[in-house]
Amino acid sequence: MRTVSRRILPGTGRWQPAGLTEGAPSTTRLRRAVPLPVPGRNGFTLVELMVVILIIGLLATVVIINVLPATDKAAVTKAKADVATLEQGIEMYRLNKLSYPSGADGLQAVVREGYVKRLPKDPWGNPYHYAAPGRDGRAFDVYSTGADGREGGEGKDADIGNWEA
């Protein structure tokens, strides 16, 4: 096997066996190991960057549109679970004390007696409310006032209570 020394032709970036003149035909096939940089193509154009940024923005918009309603639904589900836990604590209080906590004692009596470890805040940072007697003939009501923190409302601002069970 014959080894051929090579050199790069000036200004062309092509390999040529040493000893051949520029115009002479080459009988040996040589490959370049690393492509040489093309003058004037050192980075991305502004249009290419803008297209990439636009695509990333569109993808982020789609993700946000799909994720935001899920957080509202999760907050409502957590509030319902908290109301159910507090309701169970109040029922345990009634079984042991033979009466429901008074409206003045409220949920603090359930915590004080150890039926619930701690009194949680609703997902929107507001305290849960207790009323005895409850509305519509119920013995008591435990409820959250929703995202707006006021009684009443619709959608995510609607009250969530033990009357929904």
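**Exercise 1.** In this predicted model, the charged end of Arg 135 sits over the ring of Trp 163. How far is this charged end from the ring centre, and over the face of which tyrosine does Arg 135 lie?

*Solution.* Start with Trp 163: the charged end of Arg 135 is 4.6 Å from its ring centre. Now turn to the tyrosine, which is Tyr 143; Arg 135 lies over its face at 5.6 Å from the ring centre.

**Exercise 2.** Find how many aromatic pairs the whole structure holds, then classify the pair Tyr 93 and Tyr 115.

*Solution.* A search of the whole structure gives four aromatic pairs. For Tyr 93 and Tyr 115, the ring centres are 6.0 Å apart and the planes meet at 80°, so this pair is edge-to-face. Finally, check the cover: Tyr 93 is buried at 10% relative accessible area, whereas Tyr 115, at 24%, is partly exposed.

**Exercise 3.** Decide whether Thr 145 is buried or exposed, and locate it.

*Solution.* Buried means under 20% relative accessible area. Thr 145 has 3%, so it is buried. Its place is the loop between β4 (141-144) and β5 (160-161). Beyond neighbours within four places in sequence, its contacts include Asp 122, His 129, Arg 150 and Asp 157.

**Exercise 4.** Which residues make the nonpolar surface patch of about 380 Å²?

*Solution.* They are Val 47, Val 51, Ile 55 and Leu 59. Take Val 47: it is found in helix α1 (residues 46-97), and its 59% relative accessibility makes it exposed.

Key:
Residues numbered from 1 in each chain as written. Predicted model: local features only at pLDDT ≥ 70, side-chain atom pairs only at ≥ 80, totals over all residues. Heavy atoms only, no water. Patch = residues over 30% accessible without salt bridge, like charges linked within 9 Å, V, L, I, M, F, W, Y side chains within 5 Å. Areas by Shrake-Rupley, 256 points an atom, 1.4 Å probe, with all protein chains shown as cover. Salt bridge = Lys/Arg side-chain N within 4 Å of Asp/Glu carboxyl O. Helix = DSSP H or I, 4+ residues; strand = E, 2+ residues; numbered from the N terminus. Buried < 20%, exposed > 50% of the residue type's maximum accessible area, 1.4 Å probe, protein only. Contact = heavy atoms within 4.5 Å. Phe/Tyr/Trp six-rings, centres within 6.5 Å; stacked < 30°, edge-to-face > 60°. Lys NZ or Arg CZ within 6 Å of the ring centre and 35° of its normal.
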